[in-house]
Amino acid sequence: MVIMAKKKAKVNGRPPKYRTAAAFTRKTNEYFEKGGAKTKDGKFTLYTVQGYCVWLDITRQTLMRYKDDERFSDTIKRALERIEQNNLEGTALGYLNPAIIIFNLKNNFGWKHTQNIEHSGTLKIQKLEEILK
């Protein structure tokens, strides 16, 4: 009987940028402490998903993959909620352009613009034979 050693599974792509949740959380906290774009008067700091990704040195696509990883998902969800809140408060305080923030919220946070149309009155339905008589 011949015993063969198992082959190591091939791993495609480069290794993950962040191997531990602690390192990822530390870098995330650093973004909110030192990153973001500050207003000239220094009273407001804007945080964005793109800025967060640049700070982490990963793409948005990688961030979304990390979001599905249970080691990083809570940290990312909290960071995205904080960015969303920051955008809303910045707009309410007059620091941010509402049109840009609406675009951002729709594209990065799943917001939707809906319209409700109400119809009043009656609707008369006739058979085609009655109309052609």
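This is a predicted model: local features need pLDDT of at least 70, side-chain atom pairs count only at pLDDT 80 or more; totals for chains, interfaces and linings use all residues.
Residues are numbered from 1 along each chain as its sequence is written, and side-chain values use heavy atoms, with hydrogens and water left out. Local features need pLDDT of at least 70 and side-chain atom pairs count only at pLDDT 80 or more, while totals for chains, interfaces and linings use all residues.

User: What radius of gyration does the protein have?
Analyst: The radius is taken over C-alpha atoms, and the globule rule is 2.2 Å times the number of residues to the power 0.38. The C-alpha atoms fill a box of roughly 90 × 70 × 20 Å along the principal axes. For 133 residues a compact globule would be near 14 Å, but the protein has 25 Å.

User: How far apart are the mean positions of the positive and negative charges?
Analyst: Lys and Arg count as positive, Asp and Glu as negative; His and the chain ends are not counted. Each charge is placed at NZ of Lys, CZ of Arg, CG of Asp or CD of Glu. For the 25 positive and 14 negative charges, the mean positions are apart by 9 Å.

User: Is N86 buried or exposed?
Analyst: Buried means under 20% relative accessible area, exposed over 50%, partly exposed in between (1.4 Å probe, protein chains only). N86 sits in helix α4 (residues 73-92). Because its relative accessible area is 10%, N86 is buried.

User: With which side chain does the side chain of N86 make a polar contact?
Analyst: A polar contact is a pair of N or O atoms within 3.5 Å; within protein, one must be able to donate a hydrogen and the other to accept it, and residues adjacent in sequence count only if both atoms are side-chain atoms. At 3.4 Å, the partner is the side chain of N87.

User: What is phi of D57?
Analyst: D57 lies in the loop between α2 (49-56) and α3 (60-67). D57 is exposed, because its relative accessible area is 53%. Its phi is positive in a residue other than glycine, near 65°.

User: What distance separates the C-alpha atoms of N116 and Q85?
Analyst: N116 is in the loop between α5 (98-109) and α6 (128-132). N116 counts as exposed at 74% relative accessibility. N116 and Q85 are 31 residues apart along the chain, and their C-alpha atoms are separated by 26 Å.

Conventions
Helices (H or I, at least four residues) and strands (E, at least two) are DSSP runs, numbered from the N terminus.
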